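Q: Could we go through this model together, feature by feature, so that I learn how each kind of value is read?

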Amino acid sequence: MPPPAITNASGQADSPRENAGVDTGLMSQTTAFRRAAARARRKQALDDQKRSFLRMVSHELRTPLNAVIGFSEILACELYGPLGAPQYKEYATLVHESGLKLLRLVNQIVEIARLEGHVTDLDLGEESLDDAIEDVLLQLRSEASSREISILPPEPGTLPFLRADGRGLRTILTNLLQNALTHSPQGGLVVIEARSIGGNVEIEIRDHGEGADPTDLTRLVRPFEQGGATLTRASEGAGLGLPIVDLLTRAMDGSLRLKSTPGEGFTAVVALPEATARTSMARARP
């Protein structure tokens, strides 16, 4: 005797063959779901291993790097007496500068691994944009002076407070300004502007360098990416500054926009929540 037909909600009978087709479809969907879940778990495990490896290697590099930087600075300053030939002092200075660049790269790799792993220790509070810009400009003053690049900040004492993490805000400004300095010509100009728009503060940093192809802008916020061909690019660095800015900005409920046209410079716009409507009092400047 054949198996009884099953009656559906409309009162029509489903044949055993139709029921078998439905069961097969459900099994296929379940199998596909399990495979997709397994692939997601493997990808997550690989990502965790990659971040753990980057943190371990970066930590192990810091100790010898600090020794290289410290002792090369002693030699370059001739702290314990003259080195003899002037070339020795020049070489010690080059070693010191190279060590600082490598330490900056190591710190960026640690920051990327931390942010991509959603391991953040941000302390969101009321932050003065005036103070943050002043601190970063002081840090980058010698780098800008060495290439005769002028940085034009907003008028002191006119900027609102932000809802941001103090360290994170300064990291964002430092990376954006270093990117602008790197791509600015000798004797160039970098402009910083800020404005309140709809409860946010937009910070715009604009250089007058060669710019980038608009089709490259999305790629530039991915780690280890740079504008131009890998073998022909002229700038140094591993392409981590903009990805760090993007991740930090999103972690502080903000956003990053990039604008550029070849030959007309590069513009980065960071939007962060405004803390209050009152303006900050700038610190006394010499």
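Q: Is Glu-148 buried or exposed, and how is that decided?
A: This is a predicted model, and a residue in it is called exposed when its relative accessible area is over 50%. Glu-148 has a relative accessible area of 56%, and therefore counts as exposed. The residue lies in the loop between helix 3 (129-146) and strand 4 (150-152), and its phi is near 55°, a positive value in a residue other than glycine.

Q: Where is Glu-78 found, and what is its phi?
A: Glu-78 is found in the loop between helix 1 (16-77) and helix 2, and its phi is near 50°, which is again a positive value in a residue other than glycine. Its relative accessibility is 28%, so Glu-78 counts as partly exposed.

Q: What is the order of elements in the chain, and how many helices and strands are there?
A: The chain has five helices and nine strands, and read from the N terminus on, its elements follow the order β-β-α-α-β-α-β-β-α-β-β-α-β-β. Of the contacts between residues at least 6 apart in sequence, 70% join residues at least 24 apart. Buried residues account for 35% of the 286 residues, while the chain exposes about 17,300 Å², with carbon and sulfur atoms supplying 57% of that area.

Q: Which residue caps the N-terminal end of helix 4?
A: The cap is Asp-165, which has a side-chain oxygen 3.3 Å from the backbone nitrogen of Arg-167.

Q: Which residues form a nonpolar patch on the surface, and what accessible area do they have together?
A: Tyr-88, Tyr-91 and Leu-94 form such a patch, with about 340 Å² of accessible area together. Leu-94 is placed in helix 2, and because its relative accessibility is 45%, it counts as partly exposed. Glu-90 also lies in helix 2 (residues 86-116) and is likewise classed as partly exposed, since its relative accessibility is 48%. The C-alpha atom of Glu-90 is separated by 7.1 Å from that of Ala-76, although the two residues are 14 apart along the chain.

Q: Why can charged side chains pair, and how many salt bridges does the whole structure hold?
A: Side chains of opposite charge can pair when their charged atoms come close. A search of the whole structure finds 11 salt bridges. One of them joins Asp-253 to Arg-163, with the closest N and O atoms 3.4 Å apart. This pair links distant parts of the chain, 90 residues apart, with Asp-253 in the loop between helix 5 (241-251) and strand 8 (255-260) and Arg-163 in strand 5 (residues 160-164). Asp-253 is exposed because its relative accessible area is 53%, whereas Arg-163, at 36%, is partly exposed.

Q: Are Asp-216 and Arg-219 buried or exposed?
A: Asp-216 and Arg-219 are both buried, and their side chains meet in a salt bridge at 3.2 Å, N to O.

Q: Which residues are linked in a network of salt bridges, and what does Thr-267 touch?
A: The network links Glu-193, Arg-195, Glu-202, Glu-204, Arg-206 and Arg-257. Leaving aside residues up to four places away in sequence, Thr-267 touches Glu-204, Ile-205, Arg-206, Arg-257, Leu-258 and Lys-259. Thr-267 has its place in strand 9 (residues 266-279), and because its relative accessibility is 10%, it counts as buried.

Technical notes:
Residues are numbered from 1 along each chain as its sequence is written. This is a predicted model: local features need pLDDT of at least 70, side-chain atom pairs count only at pLDDT 80 or more; totals for chains, interfaces and linings use all residues. Side-chain values use heavy atoms; hydrogens and water are left out. Helices (H or I, at least four residues) and strands (E, at least two) are DSSP runs, numbered from the N terminus. Buried means under 20% relative accessible area, exposed over 50%, partly exposed in between (1.4 Å probe, protein chains only). A polar contact is a pair of N or O atoms within 3.5 Å; within protein, one must be able to donate a hydrogen and the other to accept it, and residues adjacent in sequence count only if both atoms are side-chain atoms. Patches are made of residues with over 30% relative accessible area and no salt bridge: like charges are joined within 9 Å, nonpolar side chains (Val, Leu, Ile, Met, Phe, Trp, Tyr) within 5 Å. Accessible areas come from the Shrake-Rupley method with a 1.4 Å probe; for residues, only the protein chains shown count as cover. A salt bridge is a side-chain nitrogen of Lys or Arg within 4 Å of a carboxyl oxygen of Asp or Glu. Contact means heavy atoms within 4.5 Å.
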